[in-house]
Amino acid sequence: MNTSDYVKIPKSFYEKEDVVKIARELLGKYIFTQIDGKLTGGMIVETEAYNGRMDRACHAYHKRTNRTEIMYQPGGVAYVYLCYGIHHLFNIVTNKSDFADAVLVRAIEPSLGIETMHERYGNHQHKVSNGPGKLSKALGITTRLNGSDLAGDKIFIAQHKSQKRPKIAASTRIGVDYAGEDALLPWRFYIENNKWVSKQRTPVI
């Protein structure tokens, strides 16, 4: 795999206002990490959008805390938090300052450094990146990368020079039943028929 075939996504992409549109447009793009001298990466195949101002499923909804402070920064940085004290979940902050929008990356299709991913995950028999906690472990993403520039060297999002638009499906998000009516928003997006998608659900659109 030749990384020169990929172009880093510019900051202007992340600063657009529509987090739902960005969540869709991230599908088919690639995430790479350079951790401990090892380059790993894969294609983004599943995302979820979160809106900090009107979405009760969003961490920043009506509350600005030490944990969510990074979400109020200009788009294009990583928001990494610890879920259940175990799983590091990787999010992409979007929009301008103080809007607190973000996209959770839920699954990737591995393409680079696959052996390293298996070593980090500790299992060579199963998929290592078909879930948000799994992909972070496989890519070496931890809360140490919280606030990292996504056009930097340790972690970055890129587009293949010959990328084709994937066929996208949408469903409700996963694990946000506490959000009331907002749990019904069709803000989970994934590439149709991709085997690395974390969970299959009936598409809503």
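This is a predicted model: local features need pLDDT of at least 70, side-chain atom pairs count only at pLDDT 80 or more; totals for chains, interfaces and linings use all residues.
The account opens with a pair of helices. Two packed helices are described by the angle between their axes and the distance between the axes. Helix α3 covers residues 114-121 and helix α4 covers residues 132-139; their axes come within 7 Å and cross at roughly 110°. Angles of 65 to 115 degrees count as roughly perpendicular, and α3 and α4 are therefore roughly perpendicular to each other. Their crossing is right-handed. On the side of α3, the residues that take part in the contact are M117, R120 and Y121, and they meet K134, K137, A138 and L139 of α4.

In α3, the buried residues are T116, M117 and H118. The buried residues of this helix pack against β3 (38-50), β6 (101-112) and α4. In α4, six of the eight residues are buried, so this helix is largely enclosed by the rest of the structure. Those buried residues are P132, G133, L135, S136, A138 and L139. They pack against the strands β2 (30-35), β3, β5 (87-94) and β6, and against α3.

The backbone just beyond each helix deserves attention as well. Just after α3 comes G122, with a positive phi of about 80°. After α4 comes G140, whose phi is positive and near 80°.

Positive phi values also occur in residues of another kind. Most residues other than glycine have a negative phi, and most peptide bonds are trans. D36 is not a glycine, yet its phi is positive, near 55°. D36 is placed in the loop between β2 and β3, and at 72% relative accessibility it counts as exposed. N95, also not a glycine, has a positive phi of about 75°. N95 is placed in the loop between β5 and β6. At 2% relative accessibility, N95 counts as buried.

The cysteines come next. A disulfide is a covalent bond between the sulfur atoms of two cysteines. How many disulfides does a search of the whole structure find? The search finds zero. For C58, the closest cysteine sulfur is that of C83, and the separation of 14 Å is too far for a bond. C83 is likewise in no disulfide, the nearest cysteine sulfur being that of C58, 14 Å away. The cut-off behind this reasoning is that the two sulfur atoms must lie within 2.5 Å. C58 counts as buried, at 3% relative accessibility. C83 counts as buried as well, at 18% relative accessibility.

A last stop is L184, in the loop between β8 (168-171) and β9 (188-191). L184 is exposed, with a relative accessible area of 63%. L184 and K137 are 47 residues apart along the chain, and their C-alpha atoms are separated by 29 Å.

Technical notes: Residues are numbered from 1 along each chain as its sequence is written. Side-chain values use heavy atoms; hydrogens and water are left out. Axes are lines fitted to C-alpha atoms, for helices over the stretch in contact, and angles run from 0 to 180 degrees between N-to-C directions. Helices (H or I, at least four residues) and strands (E, at least two) are DSSP runs, numbered from the N terminus. Angles under 35 degrees count as roughly parallel, over 145 as roughly antiparallel, 65 to 115 as roughly perpendicular and the rest as oblique. A crossing is left-handed if the near helix is turned anticlockwise from the far one by less than a right angle, and right-handed if clockwise. Contact means heavy atoms within 4.5 Å. Buried means under 20% relative accessible area, exposed over 50%, partly exposed in between (1.4 Å probe, protein chains only).
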